[in-house]
Amino acid sequence: MPSLTSNDSIIIVGAGIIGLNVALVLSERGYGQSITIVAEYFPGDTNVDYTSPWAGCNFSALSGTDANALRWDRLGYAYLSKLASERPGEAYVHWTPSTELWDENVPRDKIQHMSEYLKDFRVLPEAELPEGVQFGASFTTLILNAPEHIKYLHRRLQDQYGVRFVRHKLPSIQSAYVGPSTKVVFNCTGLAAKTLPGIEDPKCYPTRGQVVLVRGPHIRTNMMRHGKDYETYVIPRPGSNGNVILGGYMQKKVGDGSTYASEVESILARTRDLSPEIRQQEPEVLAVFAGLRPSREGGARVEREEVQVGEKRRVLVHNYGAGGTGFQAGYGMALESVATIEDVLREIGSNISHTHL
């Protein structure tokens, strides 16, 4: 495993979906060989503190209604659509039919915004709505196999773009500035942003989820029901030989990584009520997982700041707090976080061209 060197121009701290997307956006612009990703966990690892592999994961209306979330979603949908059309097998991103239902608090402005770009968007007539549901819509969505998709990004960054990966737990964000040639650090630390010295953001908190992995090749439709104090979802997992993620829970400020039989029973009962495909044939339970979404009061933080490191002010870009929307909003968040450092990239670019002269 390589170690940090003083030649690293761009350091990305964190190798979840957010850090990997930042590396991809930078690599697509020609900076791959200037990037080192430093993290305690990498794709292929499992740990309750490494959230990305536990995700469902799909493109849905679960994200926020603020202007940032709407913009990131639209950018993310365009990016994932391209992967689903051009390299579905390699990237583990597929198209699938989807139905979303709301019991109350229907985010109408958000749905209107999403209806402008979602494929095959249709408002469900009242006659098609289950009991207790106020509003429903169907469209063609994108589903991802979370653990395999991040492994795909890891391989692509390393093999195609020359990004370096260093396994290391940093004692502080300042320690990411390994030498004078480190021009910028991206803080993509997720939940760790709450406790990492140099950041210690009190707005960060975990949102616990529990999911059941089942085998059900006959289950092809993505379904979600947004209730007052629950989220129920059925998400087929592409490239997994017919596995499906059933969920779930959105337990705000619960940091417990254990799984509970009573919650499994609740998930199986709720998803059976929701999905005609499950009622048609009971799927086989394979495993149960819990994960902690990296949430943040006020939404994700995507911004540049200058921090004091020793005698100097250095550039730090924050990109964390996506909660449960990292896979759908992550590429949009990456585009915007990279856009904050055009001046730094010009400097790195001129250094690259000089070394190649």
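## The second largest pocket

The second largest pocket of this predicted model has a volume of about 940 Å³. Its lining counts 37 residues, and those closest to the pocket centre are Leu-62, Ser-63, Gly-64, Met-250 and Thr-325. Two or more lining residues come from each of α2 (67-86), β8 (204-215), β13 (284-296) and α8 (326-339), and α2 gives the most, with four. By residue type, the lining divides into 13 nonpolar, 15 polar and nine charged.

A pocket here is an open set of points on a 1 Å grid over the protein atoms alone, where a 1.4 Å probe fits and protein lies on both sides within 12 Å along at least five of seven lines; lining residues have an atom within 4 Å of a point. The volume is the space filled by probe spheres set on the points. Helices (H or I, at least four residues) and strands (E, at least two) are DSSP runs, numbered from the N terminus.

## How to read the model

Residues are numbered from 1 along each chain as its sequence is written. Because the model is predicted, local features need pLDDT of at least 70 and side-chain atom pairs count only at pLDDT 80 or more, while totals for chains, interfaces and linings use all residues; side-chain values use heavy atoms, with hydrogens and water left out.

## Annotated residues at the pocket

An unreviewed UniProt entry gives the annotation "binding site" to His-226, Tyr-233, Arg-293 and Gly-324. From this set, His-226, Arg-293 and Gly-324 belong to the lining of the second largest pocket. Do keep in mind that such annotations may be inferred rather than shown by experiment.

His-226 sits in strand β9 (residues 222-226) and is buried (under 20% relative accessible area, with a 1.4 Å probe and protein chains only), at 6%. Beyond residues up to four places away in sequence, His-226 has contacts (heavy atoms within 4.5 Å) that include Leu-62, Trp-102 and Glu-231.

Arg-293 belongs to strand β13 and is also buried, at 13% relative accessible area. Among the residues that Arg-293 touches are Thr-51, Tyr-205, Met-250 and Gly-324. The side chains of Arg-293 and Tyr-233 make a polar contact of 3.4 Å; that term means a pair of N or O atoms within 3.5 Å, where within protein one must be able to donate a hydrogen and the other to accept it, and residues adjacent in sequence count only if both atoms are side-chain atoms.

## A second annotated set

The unreviewed UniProt entry also places "binding site" at Thr-51, Ser-52 and Thr-189. These residues span 139 residues in sequence, yet no two of their C-alpha atoms are more than 11.6 Å apart, so they gather at one spot.

Ser-52 lies in the loop between β2 and α2 and is buried at 9% relative accessibility. The side chain of Ser-52 reaches the backbone nitrogen of Ile-17 at 2.9 Å. Thr-189, in the loop between β7 (184-187) and β8, is buried at 15%, and its side chain has a polar contact of 2.6 Å with that of Asn-187.

## Gln-210 in strand β8

Gln-210 is located in strand β8 and counts as buried, with 0% relative accessibility. The side chains of Gln-210 and Arg-208 are joined by a polar contact of 2.8 Å. A polar atom of the Gln-210 side chain also lies 2.9 Å from the backbone nitrogen of Tyr-260.

Notes:
Nonpolar A, V, L, I, M, F, W, Y, C, P; charged D, E, K, R; others polar. Buried < 20%, exposed > 50% of the residue type's maximum accessible area, 1.4 Å probe, protein only.
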